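Subject: The structure you asked about

Hi there,

Here is the model for you to open alongside this note. Below it I have written down what turned up when I went through it.

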Amino acid sequence: MQELAPGIFVETGFRRITVGAILTGDGFVLIDTPPYPADARCWRDMLAAVADVPVRAIILTDCHRDRLLGNSWFDAPVIVAHDETVAYMRNLPAAFLETSVDALTGDLPERSTFSGVHIPLPTVGFSHRMQLRFGERVVPLLAMPGPTAGSLWVHLPEERILFTGDSIIVGQHPYISSATTKDWLESLTVLRRSRFAADTIVPGRGPVVDKSATEPISNYLRLARRRVQGLYRAGRPRADTSALVPELLDVFPCDDGDLERVQRRIKSGLDRIYEEFKSNDKNNESSER
């Protein structure tokens, strides 16, 4: 666990995601939680060694399954998310929990560790900006479209620290979960501006970085959008985005053991971008009538 500034902690060593915690006068505010039960217990123990205080709130930076499974292990009275995330979670399919656990586990013994897990719904939602206050600590939240329409950032301007969730991930192919890549690029442009007070960036996955880490993600999104736009304008069907996967695969490193999973991630993202262009065309047609 690394203390980025007094009372602001990050842990990059857990499986799947990077998590954070802010120590306030009333207790801890967590920024996402580890999805695996063993990692969640370890995170609780690490925080307890810092201060014997309760977890007062959990902030969900988006609605990816990796950020939903661990919340039941912390008994937080407040769970905060963007309104889009709240709506998504209220309409989760009945099989979501089972399929999510299956995706994270490789064998029956590991699967059994998830016994009793449930997905608590957010208790507070917001649409644009929000401030949480616990004790003397104010925690500002910003709605910043990214891999999901409900992506949010936790911005601590006095410490110049920013938690971005999966809007930035390091050294791997990004998740594209909704058709918001144009807005995502704009969010990253805002972050790169000199007047945006953030020197230390905590990504959704990977080590702590600085603003330069936004460039690889922006370049990937621009490339994907150009390739999909060319395909779409040529009148080719969405299924043909498969032909673009090899080029995008080469942008970030990929272990042979993860090849099939990463290819599916890339294809899913390309399909989302295709639907983004298709939806924009429909909206333009409607506005012209």
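Helix α5 covers residues 181-192, twelve residues in total, and spans 17 Å between its first and last C-alpha, close to the 16 Å expected at 1.5 Å a residue. Please keep in mind that this is a predicted model. Several α5 residues are buried, namely Thr-181, Trp-184, Leu-185, Ser-187, Leu-188, Val-190 and Leu-191.

Seven strands make up an open sheet, ordered β1-β2-β3-β4-β5-β6-β7, and their pairing is mixed. At the edges sit β1 (2-5) and β7 (124-126), each of which pairs on one side only. On average, neighbouring strands of this sheet are turned by 25° against each other, ignoring direction.

Two of the strand pairs are worth a look on screen. Strands β2 (residues 8-11) and β3 (residues 19-24) run antiparallel and are joined by four bridges; in this pair, Val-10 stands opposite Gly-20 of β3. By contrast, β4 and β5 run parallel, again with four bridges, and there Phe-28 stands opposite Val-55 of β5. Strand β5 is mostly covered, with four of its five residues buried.

Helix α1 (residues 37-50) lies across β2, β3 and β4 (27-31) and runs at about 30° to β3. Helix α2 (residues 83-90) packs on the sheet as well, touching β6 (78-82) and β7, and its direction makes about 110° with that of β6.

Arg-16, in the loop between β2 and β3, has a positive phi of about 80° although it is not a glycine. Asp-32, in the loop between β4 and α1, also has a positive phi without being a glycine, near 65°. Are these two buried or exposed? Arg-16 counts as partly exposed because its relative accessibility is 24%, while Asp-32 counts as buried because its value is 2%.

Asp-62 is another loop residue, located between β5 (55-59) and β6. With a relative accessible area of 1%, Asp-62 is buried. A polar atom of the Asp-62 side chain lies 2.8 Å from the backbone nitrogen of His-64. Beyond its neighbours within four places in sequence, Asp-62 is in contact with Arg-67, Leu-68, Thr-85, Pro-147, Thr-148, Gly-150, Ser-151 and Asp-166.

Moving on to helix α3 (residues 96-104), Val-101 is one of its residues. Val-101 counts as buried because its relative accessibility is 4%. Which residues does Val-101 touch, not counting those up to four places away in sequence? They are Leu-69, Arg-111, Phe-114 and Val-117. Met-46 is 55 residues from Val-101 along the chain, and their C-alpha atoms are separated by 24 Å.

Finally, the cysteines. How many disulfides are there? The count comes to zero, by the rule that the sulfur atoms of a pair must lie within 2.5 Å.

Best wishes

Technical notes:
Residues numbered from 1 in each chain as written. Predicted model: local features only at pLDDT ≥ 70, side-chain atom pairs only at ≥ 80, totals over all residues. Heavy atoms only, no water. Expected span 1.5 Å × (residues − 1). Buried < 20%, exposed > 50% of the residue type's maximum accessible area, 1.4 Å probe, protein only. Pairing = 2+ DSSP bridges. Axes fitted to C-alpha atoms, helices over the stretch in contact; angles between N-to-C directions. Contact = heavy atoms within 4.5 Å. Polar contact = N/O pair within 3.5 Å; in protein donor to acceptor, adjacent residues only side chain to side chain.
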